[in-house]
Amino acid sequence: MKTPVARLFGRAALALALAASWPAHGSEKNFPTRPVKVIIPFAAGTSPDVVMRIVGQKLGDIWGQSLIVENRPGAGGAIGATAVAQAQPDGYTLLYTVNSVLCANPHLYGKLGYDAFKSFAPVSLMVNLGYVLLARSDLGINNVAEMVAYAKKHPGKLTYGSAGNGSGNHIVMELLTSMTGTRMLHVPMNTNKVLALLSGQIDLAMEPYTNGVAAARDGKVRPLAVTLAKRSENIPDVPTVGETVPGYVADAWHGLFATAGTPPEVVDKISADVARVLAMPDVRERLATASLEPVGSTPAELRDIVRRDYDKWGAVIRNANIRLD
């Protein structure tokens with residue numbers, strides 16, 4: 001079954017093609033009249049930062065106004081998200097974030113400074129990416145089926161690294177172990193997971209495409225599978241997890257949000273302009289080079305995706321009993 005994000009791909013091309021002709025009306029034609037700030041709740045150099053600096057430059061050109069990128073990392077993205085939730089609802093402060101901030105954090109933390117549904121006005125799905133399941137090359141496991149068989153025969157022996165409890169690569173691996181009825185040892189670490197594989201500290205790692213694709217191509221670690229519903233064009237010989245574990249899909253989409261209460265015409269204006277940018281060939285090429293797939297969506301479509309992923313990842317987190325407070 002296709003995921004909500006995957007179902008958008010067929011419509012996205014039409015939306016992007018039509019975006020340039022969407023009319024301006026009412027007060028939206030005057031937006032923006034001053035610089036727009038986009039808060040990214042992660043450090044500089046991360047994939048959200050890379051995307052927004054590519055897209056933001058083009059948006060600034062369209063608007064004739066500066067788009068200021070401000071990185072506010074911390075608390076799994078909660079610090080930056082809270083700042084946008086508390087901003088004036090006028091479209092001049094936006095949140096560019098990954099799905100975990102809205103769909104996982106509310107299940108991980110007992111108290112947050114924002115509500116996933118009440119604090120934000122969805123603007124547009126931006127890009128989609130998955131994870132690459134990597135194994136150390138001398139493990140003797142060549143594919144997902146062999147990994148599952150080994151894990152069932154040796155419960156708790158296989159180790160996998162993540163960026164920490166409740167991180168994206170932790171949660172997507174918990175989804176895999178729950179769907180396969182296996183048990184593995186989770187190893188939270190601040191160090192590079194690919195280097196940890198090379199040194200033999202861990203057996204497996206789920207790495208986002210932005211890091212995992214390059215590691216798969218390098219050949220020093222073994223790529224077992226990718227987590228999206230379709231294979232990656234950058235490593236087409238690597239199968240999807242779903243080819244072995246039917247129904248398994250795990251993505252790490254990026255989305256753009258305004259503060260709740262922002263006028264709908266302003267939200268629609270930003271969404272339409274984002275679609276124009278994501279349709280530009282040079283933007284698409286630069287994103288593809290970073291293993292990021294531009295998508296685009298309407299605000300309503302993004303709202304539905306947040307709701308469905310909120311429920312999906314909430315169930316995984318509860319099942320694995322992951323808490324961060």
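**Reading sheets, strands and helices**

Reply: In this predicted model, an open sheet is built from five strands in the order 7-6-8-5-9, and the pairing is mixed. The edge strands are strand 7 (185-188) and strand 9 (221-226), each of which pairs on one side only. On average, neighbouring strands of this sheet are turned by 30° against each other, direction ignored.

Me: How many bridges join strand 5 to strand 8, and do these strands run parallel or antiparallel?

Reply: Strand 5 and strand 8 are joined by five bridges and run antiparallel. Ala135 stands opposite Leu204 in strand 8. On to strand 9: strand 5 also pairs with strand 9 in the antiparallel sense, over five bridges, and the bridge partner of Leu133 in strand 9 is Ala225.

Me: Which sense does the pairing of strand 6 with strand 8 have, parallel or antiparallel?

Reply: Strand 6 (residues 159-162) and strand 8 (residues 204-208) run parallel and are joined by two bridges. Here Tyr160 has Leu204 in strand 8 as its bridge partner.

Me: How many residues of strand 5 are buried?

Reply: A residue counts as buried when its relative accessible area is under 20%. By this reading strand 5 is mostly covered, with six of its six residues buried. Tyr131, Leu133 and Ala135 point one way from the strand, while Val132, Leu134 and Arg136 point the other way, and all are buried.

Me: Let us turn to a single residue. Is Ser162 buried or exposed?

Reply: One begins with the element, then takes the accessibility, then the contacts. Ser162 is found in strand 6. Its relative accessible area is 0%, so Ser162 is buried. Beyond residues up to four places away in sequence, Ser162 touches Ser167, Asn169, His170, His186, Val187, Pro188, Met189 and Lys193. With one of these, Ser167, the side chain of Ser162 makes a side-chain polar contact (3.5 Å).

Me: How far apart are Ser162 and Leu133, in sequence and in space?

Reply: Separation in sequence and separation in space are read as two values. Ser162 and Leu133 are 29 residues apart in sequence and 12 Å apart in space, C-alpha to C-alpha.

Me: Which strands does strand 3 pair with?

Reply: The method is as before. Strand 1 (residues 36-40) pairs with strand 3 in the parallel sense over three bridges, and Lys37 has Thr93 in strand 3 as its bridge partner. Strand 10 (residues 254-259) runs antiparallel to strand 3 and is joined to it by five bridges; there, Ala258 is the bridge partner of Leu94. Strand 3 (residues 93-98) is mostly covered, and six of its six residues are buried. Thr93, Leu95 and Thr97 point one way, and Leu94, Tyr96 and Val98 the other.

Me: Finally, how should I read two helices in contact? At what angle do helix 2 and helix 11 cross?

Reply: The crossing angle gives the arrangement, and the residues show what meets. The axes of helix 2 (residues 47-63) and helix 11 (residues 281-289) come within 10 Å and cross at roughly 175°. The two helices are therefore roughly antiparallel to each other. Val51, Ile54 and Lys58 in helix 2 meet Asp282, Val283, Arg286 and Leu287 in helix 11. By class, this contact has four nonpolar, no polar and three charged residues.

Me: At what angle do helix 7 and helix 12 cross?

Reply: Helix 7 (residues 168-180) and helix 12 (residues 299-320) have axes that come within 10 Å and cross at roughly 75°. Helix 7 and helix 12 are therefore roughly perpendicular to each other. Among the residues that meet are Ile171, Val172 and Leu175 in helix 7 and Trp313, Val316 and Ile317 in helix 12. By class, the contact has seven nonpolar, two polar and two charged residues.

Note on methods. Residues are numbered from 1 along each chain as its sequence is written. This is a predicted model: local features need pLDDT of at least 70, side-chain atom pairs count only at pLDDT 80 or more; totals for chains, interfaces and linings use all residues. Side-chain values use heavy atoms; hydrogens and water are left out. Axes are lines fitted to C-alpha atoms, for helices over the stretch in contact, and angles run from 0 to 180 degrees between N-to-C directions. Helices (H or I, at least four residues) and strands (E, at least two) are DSSP runs, numbered from the N terminus. Angles under 35 degrees count as roughly parallel, over 145 as roughly antiparallel, 65 to 115 as roughly perpendicular and the rest as oblique. Contact means heavy atoms within 4.5 Å. Ala, Val, Leu, Ile, Met, Phe, Trp, Tyr, Cys and Pro count as nonpolar, Asp, Glu, Lys and Arg as charged, and the others, Gly among them, as polar. Buried means under 20% relative accessible area, exposed over 50%, partly exposed in between (1.4 Å probe, protein chains only). Two strands pair if DSSP finds at least two bridges between them. A polar contact is a pair of N or O atoms within 3.5 Å; within protein, one must be able to donate a hydrogen and the other to accept it, and residues adjacent in sequence count only if both atoms are side-chain atoms.
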